[in-house]
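Open your viewer and get your selection tool ready. We will take a short walk through one model, stop by stop.

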Amino acid sequence: MESTESYAPEELTDRSPEPSEDDSAEKPTHIRFLVSNAAAGSVIGKGGSTITEFQAKSGARIQLSRNQEFFPGTTDRIIMISGSIKEVVNGLELILDKLHSELHAEEGSDVEPRRRLRLVVPNSSCGGIIGKGGATIKSFTEESKAGIKISPLDNTFYGLSDRLVTLSGTFEEQMRAIDLILAKLTEDDHYSQNVHSPYSYAAGYNSANYAHNGSGGRYQNHQKEEAGSTVTIGVSDEHIGLVLGRGGRNIMEITQMTGARIKISDRGDFMSGTTDRKVTITGSQRAIQQAETMIKQKVDSASERETE
């Protein structure tokens with residue numbers, strides 16, 4: 001995992017007024033969001049220096065899921081920040097400021113681009129963000145100027161009870177939206193009861209708790225787990241090159257990271273009744289789930305670019 005030298009963040013901005021002096025300002029809360037593996041390394045820093053510094057400055061506790069322990073259906077790790085509302089917001093601001101600054105420096109543009117941040121929110125708490133007839137989410141969007149989109153609950157994974165809330169906008173717009181969303185979530189007593197350590201949460205996905213339900217052209221050979229299982233998924237012929245990568249680079253990377261064995265059918269050898277090529281994944285259940293997630297993300301990223 002890549003790591004960076006310790007980073008001295010700028011002073012926190014005067015983006016919004018201090019929370020009012022009531023019980024809610026000190027009420028324990030938390031927020032979870034997704035980051036890439038590379039971004040996780042940047043947050044941790046060399047020898048843990050950056051995350052230690054951010055915890056000391058914000059007063060919040062910052063936890064990350066372990067390397068290769070991802071949110072279901074993605075290859076992104078989970079960061080959880082917990083503490084009072086003020087501590088959580090300060091901790092998140094330090095992290096996002098660092099990640100935005102690094103991306104901004106890499107791109108070398110003078111104009112700050114609109115970026116995406118994906119929050120992980122229990123399905124039971126999403127109604128409070130949406131509001132009656134969508135009134136709350138509309139007011140949050142108007143007040144923050146950020147785009148706010150709540151994904152439907154993904155029934156692909158058994159036991160998954162969280163949804164993704166995607167915030168799009170500049171750093172300031174995202175932070176204004178987070179202020180509003182976190183205050184609303186913290187009003188919900190059930191929200192604090194739904195807290196998951198990122199470690200046990202990710203481990204749950206990597207065990208039978210988040211086993212795929214078998215839909216979408218996925219067929220499992222029910223061999224014993226010790227001997228390894230085999231799963232065949234369909235990938236459209238036009239996207240099979242994304243799975244292979246130049247010179248087989250992508251499929252080699254997926255194999256090395258997951259420990260699964262992957263075989264792609266010959267050209268013209270399709271899943272029954274489709275024009276999807278067969279991608280056969282063999283290994284432990286954990287290896288199969290991780291390999292399938294990485295394949296799905298490569299295909300989905302191409303599909304998103306095609307629709308833009």
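The model is predicted: local features need pLDDT of at least 70 and side-chain atom pairs count only at pLDDT 80 or more, while totals for chains, interfaces and linings use all residues. Residues are numbered from 1 along each chain as its sequence is written, and side-chain values use heavy atoms, with hydrogens and water left out.

**Stop one.** Select residues 29-35, strand β1 (strands are DSSP E runs of at least two residues, helices H or I runs of at least four, numbered from the N terminus). Seven of its seven residues are buried, meaning under 20% relative accessible area with a 1.4 Å probe, protein chains only. Thr 29, Ile 31, Phe 33 and Val 35 lie on one side, and His 30, Arg 32 and Leu 34 on the other.

Center on Arg 32: Met 80 stands opposite in β3, and Val 120 is its bridge partner in β4.

**Stop two.** Show α5 and look for Gly 128, Ile 129 and Ile 130, which meet Ala 135, Thr 136 and Ile 137 of α6 (contact means heavy atoms within 4.5 Å).

**Stop three.** Twelve of the 17 residues are buried, among them Phe 171, Met 175 and Leu 182.

Definitions and conventions
Buried < 20%, exposed > 50% of the residue type's maximum accessible area, 1.4 Å probe, protein only. Pairing = 2+ DSSP bridges.
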